[in-house]
Amino acid sequence: MNEAIPQLHTFDEPSLDAAFATLAEEVRTADTNDVEAFRLHWLGRKQGRLKLISEAWLKSAPPEAKKALGIRFNQLKQQIEAALETPTSTKAAAVQGIDITLPGSLRAPGIPHPLLKTMHEIVSVFHHLGYSTNLGPQVESDFYNFEALNFPENHPARDTQDTLVIANQHGRPSRDRLLMRTHTSPVQIRTMIAQAPPIRIVIPGKVHRNDAADATHSPIFHQIEGLCVDTNITFSDLKGTLDHAMKALFGSDVKTRFFPSFFPFTEPSADVQISCIFCGGKGCRKCKHSGWIELLGCGMVDPAVFAAVTAERRKLNPSDDTYNPEKITGFAFGMGVERIAMMLHGVSDIGHFYSGDMRFLEQFA
């Protein structure tokens with residue numbers, strides 16, 4: 001049953017504010033657990049309290065006050081409708097806070113993305129061999145990405161068909177033009193310019209190439225490269241290091257073999273294959289029935305790379321001879337994280353790693 005209609009004798013702003021504040025307090029403190037009863041009490045079409053008060057006040061209000069009354073009635077109606085959406089029991093629960101007698105909600109722990117997990121596993125193998133991790137920028141200059149790494153000016157990799165070049169670089173000297181790094185090798189140059197041997201580093205990170213996306217290629221992917229520079233470093237050291245790393249990643253039964261190859265920044269260069277982890281080297285569809293899977297590239301650091309580093313270091317110290325190839329040698333290697341992750345987890349399409357599909361990612365939890 002509706003309460004008596006409050007009287008409003010004056011219609012100035014302070015009086016209207018006080019009258020509607022009283023009504024708003026009634027709405028705020030009302031019991032809204034019985035939603036239908038609350039709705040009929042305030043918003044009923046014939047005897048709703050809001051309708052009755054509106055009619056009583058508008059009849060006696062002077063014309064200049066009716067606009068202010070209408071605005072305040074609309075605001076009050078919005079408050080009532082909001083109260084209908086939040087029953088008293090819900091509001092009380094919010095005020096009281098957490099009910100410690102209720103069972104807790106189970107939250108599944110987060111996990112590293114499978115690519116990051118694979119990257120950390122590879123890096124960890126080299127950390128145990130005494131390597132440290134170095135990082136560098138993804139936006140690089142042509143000097144660090146190509147020139148210092150002995151890429152000739154007409155090398156196909158420097159063409160925009162292969163490399164993503166930052167816009168508006170034509171006014172810069174060629175060595176200072178910016179691009180998205182195509183490998184993590186620039187960090188090798190940065191490290192040698194800043195640091196004298198011995199150097200033993202691994203360089204994980206994201207790289208970019210102008211590749212069309214398909215089952216095995218992506219314009220964005222991840223690499224891990226390594227660099228070892230010291231006196232008396234030989235190709236045998238390189239073979240022993242990578243053989244140990246492959247056994248640590250894929251199991252002690254895995255064998256490695258090296259084939260001659262070519263990279264501008266290493267000489268001699270080699271491609272590394274491992275015995276197929278799926279068939280044990282017997283031959284299957286995944287290894288094209290050869291028993292071997294090509295996995296990474298490597299080689300001894302080309303003296304031309306040491307020469308480029310020396311030229312930069314001599315800008316600070318004209319007599320610097322730290323990276324004289326007659327005194328020091330080194331090796332470098334690089335591998336794709338996605339390729340190894342696909343092998344370890346049996347993933348057939350590189351796009352799954354970037355799709356954000358929780359059904360795929362939850363398999364690794």
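**Cavity, pocket and the strands beside them**

The predicted model holds one cavity of 30 Å³ or more. A cavity is a set of points, on a 1 Å grid over the protein atoms alone, where a 1.4 Å probe fits but cannot get out. Residues are numbered from 1 along each chain as its sequence is written. In this predicted model, local features need pLDDT of at least 70 and side-chain atom pairs count only at pLDDT 80 or more, whereas totals for chains, interfaces and linings use all residues; side-chain values use heavy atoms, with hydrogens and water left out.

The largest cavity contains about 40 Å³ of space. A volume here is the space filled by probe spheres set on the grid points, which are joined across faces, edges and corners. Lining residues have an atom within 4 Å of a point. For the largest cavity they are Leu149, Gln188, Ile189, Met192, Phe265, Val301, Val305 and Ala332. Helix α8 (residues 186-194) contributes the most, with three residues. Helices (H or I, at least four residues) and strands (E, at least two) are DSSP runs, numbered from the N terminus. Seven of the cavity-lining residues are nonpolar, one is polar and none is charged. Ala, Val, Leu, Ile, Met, Phe, Trp, Tyr, Cys and Pro count as nonpolar; Asp, Glu, Lys and Arg count as charged; the others, Gly among them, count as polar.

The largest pocket has a volume of about 1600 Å³. A pocket is an open set of points with protein on both sides within 12 Å along at least five of seven lines. The lining of the largest pocket comprises 49 residues. Thr216, Glu294, Leu295, Gly336 and Arg339 lie nearest the pocket centre. Two or more lining residues come from each of β5 (220-230), β6 (256-263), β7 (266-275), β8 (292-301), β9 (329-336) and α11 (337-345). Strand β8 gives the most, with eight residues. By class, the pocket lining has 22 nonpolar, 17 polar and ten charged residues.

Strand β7 pairs with both β6 and β8. Two strands pair if DSSP finds at least two bridges between them. The pairing of β6 with β7 is antiparallel, over seven bridges. A hairpin of two residues joins these strands. Arg257 stands opposite Gln273 in β7. The pairing of β7 with β8 is also antiparallel, over eight bridges. Here Ser269 has Gly299 in β8 as its bridge partner.
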